[in-house]
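Dear colleague,

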Amino acid sequence: MTTSSLTIMFENPFWIGLFERIDQAGLSVCKVTFGAEPTDKEVLEFVDKNWHRLQFSQSVETPSILETKRSPKRQLREAKKQMQSQGIGTKSQQALKLQQEQNKVERKQRTKAEREAEKQRRFDLRQAKKKEKHRGH
């Protein structure tokens, strides 16, 4: 069973959406920047059009929660309580941090490869120039 939730909050100066997905593997998170405060309709359209494009972080283990039947009133109270709570959960923060570190490592590898390719290109250019100078004599 997979459950998903979306929390929209204001992080100065932008509104962000925090998508949380809990499945057998654990908790994975995706952070999306909206800019101006999104309306309910805009959020719904965004989820419909872009859900498949969201890049969730690697899963972080979460303690298993046994599903029990709850009364509708209790469910309403819990939903209301979740709506009132502020901030990002610590598991979500860990998942976001893990994703940021992963992106950082990938970016470093990519820039290093580009730098090495540029260095090799310059070296080859210098060698070709040297050969060109000696070719006429």
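Thr3 has Ile22 as its bridge partner in β2. Strands and helices here are DSSP runs numbered from the N terminus, a strand (E) having at least two residues and a helix (H or I) at least four. Strands β1 and β2 run antiparallel and are joined by nine bridges; two strands count as paired if DSSP finds at least two bridges between them. Together, β1 and β2 form a hairpin with two residues between them. Pro13 is in the loop between β1 (3-11) and β2 (14-23), and a cis peptide bond, with omega about 5°, links Asn12 to Pro13.

This is a predicted model, in which local features need pLDDT of at least 70 and side-chain atom pairs count only at pLDDT 80 or more, while totals for chains, interfaces and linings use all residues. Residues are numbered from 1 along each chain as its sequence is written, and side-chain values use heavy atoms, with hydrogens and water left out.

**Two buried residues**

Leu27 belongs to strand β3 (residues 26-35). Leu27 is buried because its relative accessible area is 5%, where buried means under 20%, exposed over 50% and partly exposed in between (1.4 Å probe, protein chains only).

Gln99 sits in helix α3 (residues 90-135) and is buried, with a relative accessible area of 13%. Beyond its neighbours within four places in sequence, Gln99 is in contact with Val29, Gln55, Phe56 and Ser57; contact means heavy atoms within 4.5 Å. The side chain of Gln99 reaches the backbone oxygen of Gln55 at 2.8 Å.

With kind regards

Conventions
Polar contact = N/O pair within 3.5 Å; in protein donor to acceptor, adjacent residues only side chain to side chain.
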